[in-house]
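The report that follows describes a structure in terms of its fold, its contacts and its surroundings. Please read it alongside the sequence and the coordinates shown here.

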There are 2 protein chains.
Amino acid sequence: MNEPLSRHVIVATALSMVEAHGAGALSLRGVARSLGVTAPALYDHVDSKSDLLRAVAESGYADLAGSFESSRGLGPLDAMVENARQYFAFAMARRELFSLMFRYRPAAIVLDVDNELSGATQAFDASLAHVVAAIEAGLLAPGDPLELALVMWSAVHGVATVCLLAPGLNADGRLVDQVLHTVLRGMGASVTAVGGAP
Amino acid sequence: MNEPLSRHVIVATALSMVEAHGAGALSLRGVARSLGVTAPALYDHVDSKSDLLRAVAESGYADLAGSFESSRGLGPLDAMVENARQYFAFAMARRELFSLMFRYRPAAIVLDVDNELSGATQAFDASLAHVVAAIEAGLLAPGDPLELALVMWSAVHGVATVCLLAPGLNADGRLVDQVLHTVLRGMGASVTAVGGAP
DNA sequence: GACATCTGGTAAACACTGTCAAGTAGTGAG
DNA sequence: CTCACTACTTGACAGTGTTTACCAGATGTC
């Protein structure tokens, strides 16, 4: 007398299993087992294992985009910093999900026109808007906002990945702020905007 | 009358298979098959599949460290830029190997004392030396060289990862230089040192 | 030369995996 | 009552990593 086994419940189970033991350890049969069901039953709601993983990743994008709400109401520069910190915090708190989200190519969605609803594009577009605003407000040196946003994303994603690879490198938590500080300074921002300058 | 199946030849075969079809598609039995041998035979030279993948990754680190030779004789700042470009070029040219090298945690070696021979630490130490030299020469604002090197690595690794995820984002090849430009500027370098300023 | 030993490999098997084809309870409509 | 449909199960296929037991052939010793 369980719930009727929707795609949603499958993805949710897979998500929790990914977060617990990593995407590499996820088995379709394991998900089915954990739902009290045999494996082929999943195929009515899910095309393949890859499809399921994509769905899990997409739910991750949605969560990440949601975490950007915290920058609402802030000035453009503060919003950029806040978003970057949320991005980093997301990576640290949900490492396995984060790894899955950016494993292989699924983030190619970012500029893919077909998937405009994707949380990945939502998140990126939000950050892009802040960059545009910052430039218009003269808080950043003029330039192509798209390029600047990509540079920012690269830097933040990089520091997150590096800290994921070698935990303990960011023991004091300074590395993120160091990266933000450096990049924003390189973009012509007045550095005092970034809190916690060393 | 084949060669006597050393660990070296196994790793080399695995490496070429990884580069051809990705680490995810690598099967121990496939490697054995491609060597004209049955799978258990490999276990005399390799502990497990993970062990084999680690060995492949390590050979990647060695290649990457080797590519840093091209910065020999350059000034500290130019060397940093050259190394960064080599890093990025490596990621673009050998994407599958690069992904494997930084998949999961094997890069924790970077600061692991036990693995001082690792190519990863060699590569990082070389870059670190350039940062130290640049600071001493007054080409970079003073600061903790380790932190600056980590910031640099984060940024370069990030732009490589991003370009790997969303190819076409770097269609004109400008993004790397943009990142280098921004980060070095943020570190207090005189930007003219970085070629191709936009 | 004959015998024991050691090496590098094979065969078979275990416990898994993703996926597909066919079959089967249960349910609602006509 | 029967038909059709949904939601699931059984069973199977081909493949995986890994272990155990075995075997041929080279090697070294008497």
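For the classes used below, Ala, Val, Leu, Ile, Met, Phe, Trp, Tyr, Cys and Pro count as nonpolar, Asp, Glu, Lys and Arg count as charged, and the others, Gly among them, count as polar. On that division, the surface near DNA strand C has eight nonpolar, four polar and three charged residues. The model is a predicted one, and every value in this report should be read with that in mind.

**Surroundings of the DNA strand**

DNA strand C is surrounded by 15 residues, and the closest of them are A:Leu28, A:Pro40, A:Ser48, B:Leu5 and B:Thr38. Which element gives the most to the surface near DNA strand C? That element is helix α2 of chain A, which spans residues 28-34 and contributes three residues.

**Fold of chain A**

The secondary structure of chain A consists of eight helices and zero strands, and along the sequence the pattern reads α-α-α-α-α-α-α-α. Chain A has 198 residues, of which 44% count as buried. When contacts in chain A between residues at least 6 apart in sequence are considered, 58% of them join residues at least 24 apart.

One helix pair can be described in detail. Helix α1 (residues 7-21) and helix α3 (residues 49-67) of chain A pack at an angle of about 80°, and their axes are 9 Å apart. Angles of 65 to 115 degrees count as roughly perpendicular, and α1(A) and α3(A) are therefore roughly perpendicular to each other. On the side of α1(A), the residues that take part are A:Ile10, A:Val11, A:Ala14, A:Leu15 and A:Val18, and they meet A:Leu52, A:Ala55, A:Val56 and A:Ser59 in α3(A). By class, this contact of α1(A) with α3(A) holds eight nonpolar residues, one polar residue and no charged residues.

**Two residues and their surroundings**

A:Met101 lies in helix α5 of chain A, which covers residues 95-101, whereas B:Ala20 is placed in helix α1 of chain B, which covers residues 7-21. Are these residues buried or exposed? A residue is buried if 20 or more other C-beta atoms lie within 10 Å of its own, and exposed if 12 or fewer do. A:Met101 has 25 other C-beta atoms within 10 Å and is therefore buried, while B:Ala20 has 10 other C-beta atoms within 10 Å and is therefore exposed. Each of the two can also be paired with a residue elsewhere in its sequence, as the table sets out.

| Pair | Separation in sequence | C-alpha to C-alpha distance |
|---|---|---|
| A:Met101 and A:Leu53 | 48 residues | 8.8 Å |
| B:Ala20 and B:Glu96 | 76 residues | 7.9 Å |

**The contact between the chains**

The contact takes 28 residues from chain A and 28 residues from chain B. On the side of chain A that touches chain B, α7 (145-165) and α8 (174-186) of chain A each supply at least two residues, and α7(A) gives the most, with twelve residues. The residues of that side of chain A divide into 18 nonpolar, seven polar and three charged.

The same surface serves both copies, since 100% of the contact residues of chain A recur in chain B.

Notes: Residues are numbered from 1 along each chain as its sequence is written. Chains are lettered from A and ligands numbered from 1 in the order in which they are written. This is a predicted model: local features need pLDDT of at least 70, side-chain atom pairs count only at pLDDT 80 or more; totals for chains, interfaces and linings use all residues. A residue is near a molecule or strand if its C-beta atom, placed from the backbone, lies within 6 Å of it. Helices (H or I, at least four residues) and strands (E, at least two) are DSSP runs, numbered from the N terminus. Two residues are in contact if their C-beta atoms, placed from the backbone, lie within 7 Å. Axes are lines fitted to C-alpha atoms, for helices over the stretch in contact, and angles run from 0 to 180 degrees between N-to-C directions. Angles under 35 degrees count as roughly parallel, over 145 as roughly antiparallel, 65 to 115 as roughly perpendicular and the rest as oblique.
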